[in-house]
Amino acid sequence: MSYADKVFVENMKDILQNGVWDTNLKVRPRWNDGESAHTVKKFGIINRYDLSKEFPILTVRKTFFKSCVDELLWIWQKKSNNVNDLNSKIWDQWADDDGSIGKAYGYQLGVKNKYKEGEFDQVDRVLYDLKNNPASRRIMTNIYNFADLHEMNLYPCAYSMTFNVSGDTLNGILNQRSNDMLTANNWNVVQYAVLLIMFAQVSGLRAGELIHVIADAHIYDRHVPLVEEIVEMPQYPAPKLLVDPDIKNFYDFTVDSFKLENYRCNTKKYDIPVAE
């Protein structure tokens, strides 16, 4: 069965059984009807995924792979903060009339900074170091820029990546301050697994471990019945991720550069409300 399913189910059951509710606190998120969106949470969940063994996508619930990759490329490749550059509508509720989400996500990755080797944005600096300074312990990105928070329509949840080369293997740590476990947990895992694989391929490395560190791993109150149903769904073997081997430039990847082989999963559609 899929290792991603095992991790997801264990996390969800742990949160429901041992988590802490915030129902006695004033919270920022609201449901569409104006009611407070409360959560039950666990602090400091750490999950490890060995990408050399298995691609970490859920089968107990379908993860929309193409949309995941499209959003990943929107942030990391296009470095865009405009929803008009994205094929899905998932960011529309945070966009202004022009489609901008402010100085958030892709915008931060595209800001250039000066180094002794030249001027780079954060993505190009990672690419440079992976090829020229693979022993460096400073290969990382961070989009939680305090100076720009007041101009972000949504503060970044998954905010930093640390890359580390061990021999011929690229590993990475994804740090996330907050994770809506039902809506976005596996979405983020799939995206950053793909990102690690992309960086590894164009740098002549193998993809190794992705470590996912979540500060506040939570389930919303109105998601609980859905979670209780989904964790009992049948689990299937993980699919195989196929990547176009001819791509050697990070900016040449497209959504069609990736394909899942034998992705068998629960196809039931769930109406999952999203708190704002």
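This is a predicted model: local features need pLDDT of at least 70, side-chain atom pairs count only at pLDDT 80 or more; totals for chains, interfaces and linings use all residues.

Me: Why is Lys 79 called buried?
Reply: The cut-off for buried is under 20% relative accessible area. Lys 79 has 16% relative accessibility, so Lys 79 counts as buried. You will find Lys 79 in the loop between H2 and helix H3 (106-110).

Me: How do you know whether Tyr 105 is buried or exposed?
Reply: We use that cut-off again: under 20% is buried, and over 50% is exposed. Tyr 105 comes out at 8% relative accessibility, so Tyr 105 counts as buried. Tyr 105 also lies in the loop between H2 and H3.

Me: What makes the backbone at Lys 79 worth a look?
Reply: Lys 79 is not a glycine, yet its phi is positive, at about 50°. Tyr 105 is another non-glycine residue with a positive phi of about 50°.

Me: What makes E1 and E5 edge strands?
Reply: Follow the order of the open sheet, which is E1-E2-E8-E7-E6-E5. Strand E1 (20-21) and strand E5 (140-142) each pair on one side only, and that makes them the edge strands. The sheet has six strands, and its pairing is mixed.

Me: How do you know that E7 and E8 pair?
Reply: Two strands pair if there are at least two bridges between them. Ten bridges join E7 to E8, so these strands meet the cut-off. They run parallel. To see a bridge on your screen, look at Asn 175, whose partner in E8 is Val 213.

Me: Which strands does H5 lie across?
Reply: H5 lies across E2, strand E6 (158-166), E7 and E8, and runs at about 160° to E7. Helix H1 (residues 3-18) lies across E1, E2 and E8, at about 160° to E2.

Me: What makes up the lining of the largest pocket?
Reply: Its lining has 50 residues, and those nearest the centre are Trp 94, Asp 180, Thr 183, Ala 184 and Val 274. Two or more residues each come from strand E2 (39-50), helix H2 (65-76), strand E7 (169-180), helix H5 (181-202) and strand E8 (206-220). H5 gives the largest share, eight residues. By class, the lining holds 23 nonpolar, 14 polar and 13 charged residues. The volume of this pocket is about 1500 Å³.

Me: What lines the second largest pocket?
Reply: This pocket, with a volume of about 340 Å³, is lined by 15 residues. Leu 51, Ser 52, Ile 197, Ala 207 and Leu 241 lie nearest its centre. H5, E8 and strand E9 (240-243) each give two or more residues to the lining. Nine of the lining residues are nonpolar, two are polar and four are charged.

Me: Why is the space beside Trp 76 and Leu 109 called a cavity?
Reply: A 1.4 Å probe fits inside a cavity but cannot get out, whereas a pocket is open. The space lined by Trp 76 and Leu 109, among others, is the largest cavity, and about 50 Å³ of space lies in it. With a cut-off of 30 Å³ or more, a search of the whole structure finds one cavity.

Me: What kinds of residue line the largest cavity?
Reply: They divide into seven nonpolar, two polar and no charged residues. Among them are Thr 141, Ile 143, Ser 160 and Tyr 192. E6 gives the largest share, four residues.

Notes: Residues are numbered from 1 along each chain as its sequence is written. Side-chain values use heavy atoms; hydrogens and water are left out. On a 1 Å grid over the protein atoms alone, a cavity is a set of points where a 1.4 Å probe fits but cannot get out, and a pocket is an open set with protein on both sides within 12 Å along at least five of seven lines; lining residues have an atom within 4 Å of a point. Grid points are joined across faces, edges and corners, and a volume is the space filled by probe spheres set on the points. Ala, Val, Leu, Ile, Met, Phe, Trp, Tyr, Cys and Pro count as nonpolar, Asp, Glu, Lys and Arg as charged, and the others, Gly among them, as polar. Contact means heavy atoms within 4.5 Å. Axes are lines fitted to C-alpha atoms, for helices over the stretch in contact, and angles run from 0 to 180 degrees between N-to-C directions. Buried means under 20% relative accessible area, exposed over 50%, partly exposed in between (1.4 Å probe, protein chains only).
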